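Please take a moment with the sequence and the model shown here before reading on.

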Amino acid sequence: MKKIIFEQSIQHFFNLFKLDIWPNKKYAEKHEIKGFKLFGICIGNLCPEREAVSYAKNYFNGKEIIACEIGNFKGEHAYHILKKLNIKKLYLIDPYEAYEEYKHDGSYKDILEAKKEAHNLLRRWKDKIIWVEKYSDKAIKDIKEELDFLYIDGNHYHPYVDNDIKKYYPLLKKRGIISGHDFGKFWPDVIEAVVSFSKSKNLNFITGRGSDWIIKK
Ligand SMILES: C[S@@+](CC[C@H](N)C(=O)[O-])C[C@H]1O[C@@H](n2cnc3c(N)ncnc32)[C@H](O)[C@@H]1O
């Protein structure tokens with residue numbers, strides 16, 4: 001009982017100051033995230049970097065890279081890409097539209113608000129960012145160079161995630177990294193797309209305690 005009151009008070013304290021424990025305990029339980037860390041905290045909406053960025057930081061080891069993220073929303077993950085990696089150029093692809101097959105990030109108004117937040121959050125890197133406000137299948141034409149690092153976090157349903165992996169993979173440099181979010185039981189289409197793609201190319205994929213997936217070309 002004392003333990004529960006203690007945990008609730010901590011949560012209350014964090015909520016009060018718009019801080020959040022990451023992954024939030026309830027979220028961690030709901031999504032069965034193992035290795036819940038009390039000391040990773042979010043300030044406002046900003047959470048600690050995810051596995052693909054940690055992996056890329058180590059892998060590229062300070063080398064200047066060209067990167068791309070499909071699905072930006074409020075720019076929180078792009079923030080980590082820009083902060084932790086040596087980015088020459090970052091393509092940020094998001095239509096910023098609520099459409100029939102993609103509604104879980106809220107209404108049209110919420111999406112426009114997210115776009116405003118992303119531009120605000122990432123403004124210090126504005127010279128490195130190419131905003132591509134299109135659906136990923138159309139945006140691919142705007143990328144006219146090879147990529148070192150790609151992070152896929154757009155529409156998680158089949159055939160979207162499947163197409164994102166298959167169509168963007170050829171843009172990657174040899175020894176580049178393709179990765180993405182939500183490899184977990186709540187997104188079976190992501191699992192299916194990653195597993196079938198890696199099998200078809202005879203490539204290994206890495207997943208960790210979080211929900212990122214990572215494949216080296
Ligand atoms: C889960 S959110 C991205 C979150 C962001 N990567 C982060 O972690 O901070 C998914 C985003 O994908 C965008 N999206 C949905 N369908 C898309 C598509 N077909 N192409 C590109 N982006 C898409 C949505 O507008 C939404 O902003």
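The protein has eight helices and nine strands, and the model that shows them is a predicted one. Of its 217 residues, 33% are buried. When contacts between residues at least 6 apart in sequence are considered, 67% of them join residues at least 24 apart.

Most residues other than glycine have a negative phi, and most peptide bonds are trans. F73, although not a glycine, has a positive phi of about 50°, and its place is in the loop between β3 (65-70) and α4. F73 counts as buried because it has 21 C-beta neighbours inside 10 Å, the cut-off for a buried residue being 20 or more.

D182 likewise is a residue other than glycine with a positive phi, in this case near 70°, and it lies in the loop between β7 (172-180) and α8 (188-201). D182, however, counts as partly exposed, because it has 19 C-beta neighbours inside 10 Å. A cis peptide bond is found from H158 to P159, with omega near 5°, and P159 lies in the loop between β6 (147-152) and α7 (160-168).

The helix α8 can be followed in more detail. It has 14 residues and reaches 20 Å from its first C-alpha to its last, close to the 20 Å expected at 1.5 Å a residue. Which residues of α8 are buried? They are V190, A193 and V194. Seen down the axis of α8, these buried residues fall within an arc of 95°, so they line one face of the helix. An α-helix has 3.6 residues a turn, so residues three or four places apart point the same way. The buried residues of α8 pack against α7, β8 (205-207) and β9 (213-216), whereas P188, K199 and S200, on the other side of α8, are exposed. Just after α8, N202 takes a positive phi of about 55°.

Definitions and conventions
Residues numbered from 1 in each chain as written. Predicted model: local features only at pLDDT ≥ 70, side-chain atom pairs only at ≥ 80, totals over all residues. Helix = DSSP H or I, 4+ residues; strand = E, 2+ residues; numbered from the N terminus. Buried ≥ 20, exposed ≤ 12 C-beta atoms within 10 Å, placed from the backbone. Contact = placed C-beta atoms within 7 Å. Expected span 1.5 Å × (residues − 1). Arc of directions from axis to C-beta.
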